[in-house]
Amino acid sequence: MKRQTQELTFGALMAALAVTVMYLGCLIPSMELVMDMAAGLIVGTVVAAMGVKAGLLCCVAAGVLALILIPSKAAALLFLIAFGLYPVVKSWLETRNRRALEWVGKLAFFNGVLIFCVIFLKEFLFEGVQVPLPLVFPGGNLFFLVYDYAFSRWMTILQYRVVDPWKRRKRK
């Protein structure tokens, strides 16, 4: 029972932190996308520390709370379908131990989200900017590869500097 309580408490605190970060992004409109990405890193922290199931629960809780609490519903929706869900998808794909399948899955997920965003969240993503649609997908995929690399580095640092020492300390 103690482990379940710890997971629930940690996930709830991280969900609240993710919502707070997204709300800060709404205070500075040009920072909404960056703060959504930062909130996704928070969900990644839950995935690394507590597992995929806890990370998914944190993502859903933060996404629903963000839809209710923050002024920019588009930012909350983008977090819910993209940056909050990505750590869970990434973790699941990387446990398959097939590098080609992993990248196909990651790119399929990103391009599916990008298609959704181009259709439904066009005003939010391209507010005040005229971007030729043929440049959105190559540029978006390049951005995604950089984001995935940075996300992987963050998770590696987190795993070896925080999660593993924390788990070793708890066993003693």
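Author: Contact means heavy atoms within 4.5 Å; helices (H or I, at least four residues) and strands (E, at least two) are DSSP runs numbered from the N terminus. The model is predicted, so local features need pLDDT of at least 70 and side-chain atom pairs count only at pLDDT 80 or more, while totals for chains, interfaces and linings use all residues. Residues are numbered from 1 along each chain as its sequence is written, and side-chain values use heavy atoms, with hydrogens and water left out.

Reader: Which residues of H1 and H3 meet each other?

Author: On the H1 side they are Gly11, Met14, Ala15, Ala18, Val19, Met22 and Tyr23. Their counterparts in H3 are Cys58, Ala61, Ala62, Leu65, Ala66 and Leu69.

Reader: At what angle do H1 and H3 pack, and how far apart are their axes?

Author: Two packed helices are described by the angle between their axes and the distance between the axes. The axes are lines fitted to C-alpha atoms, for helices over the stretch in contact, with angles from 0 to 180 degrees between N-to-C directions. For H1 and H3 the angle is about 40 degrees and the axes are 9 Å apart. H1 is therefore oblique to H3 (under 35 degrees is roughly parallel, over 145 roughly antiparallel, 65 to 115 roughly perpendicular, and the rest oblique).

Reader: How do the axes of H5 and H6 lie relative to each other?

Author: The axes of H5, residues 86-94, and H6 cross at roughly 160 degrees and come within 9 Å. H5 and H6 are therefore roughly antiparallel to each other, and their crossing is right-handed. From H5, the contact involves Tyr86, Val89, Lys90, Leu93 and Glu94; from H6, it involves Glu102, Gly105, Lys106 and Phe109.

Reader: What is the packing angle of H2 and H5?

Author: H2 and H5 pack at about 45 degrees, with axes 8 Å apart. That angle makes H2 oblique to H5. Gly40, Val43, Gly44 and Val47 of H2 make the contact with Pro87, Val88 and Ser91 of H5.

Reader: Is Lys90 buried or exposed?

Author: Buried means under 20% relative accessible area, exposed over 50%, and partly exposed in between (1.4 Å probe, protein chains only). Lys90, which lies in H5, has a relative accessible area of 3% and is therefore buried. Not counting residues up to four places away in sequence, Lys90 touches Lys106, Asp148, Phe151 and Ser152. Trp92, also found in H5, is partly exposed at 47%. The C-alpha atoms of Trp92 and Glu102 are separated by 9.1 Å, although these residues are ten apart along the chain.

Reader: Where does Asn97 lie, and what is its phi?

Author: Asn97 lies in the loop between H5 and H6. Its phi is near 60 degrees, a positive value in a residue other than glycine. With 71% relative accessibility, Asn97 counts as exposed.

Reader: Which residues of H4 are buried?

Author: In H4, residues 73-83, the buried ones are Ala75, Ala76, Leu78, Phe79, Ala82 and Phe83. They cover an arc of only 160 degrees around the axis, which puts them on the same side of H4. The arc is that of the directions from the helix axis to the C-beta atoms.

Reader: Which members of the largest nonpolar core touch the most other members?

Author: A nonpolar core is a set of buried Ala, Val, Leu, Ile, Met, Phe, Trp, Tyr and Cys residues joined through side-chain atoms within 4.5 Å. Here the largest has 41 residues, of which Met22, Ile70, Phe79 and Phe83 touch the most other members. At least two residues of this core come from each of H1 (2-27), H2 (32-50), H3 (52-69), H4, H6 (99-120) and H8 (133-171). H2 provides the largest share, eight residues. Leaving aside neighbours within four places in sequence, Phe83 is in contact with Leu33, Asp36, Met37, Gly40, Leu78 and Tyr147.

Reader: How far apart in space are Glu7 and Ala54?

Author: Their C-alpha atoms are 6.9 Å apart, whereas Glu7 and Ala54 are 47 residues apart in sequence. Glu7 lies in H1 and is partly exposed, at 24% relative accessible area. For another pair, Ala49 and Thr5, the C-alpha distance is 14 Å and the sequence separation 44 residues. Ala49 belongs to H2 and is buried, with a relative accessible area of 5%.

Methods. A crossing is left-handed if the near helix is turned anticlockwise from the far one by less than a right angle, and right-handed if clockwise.
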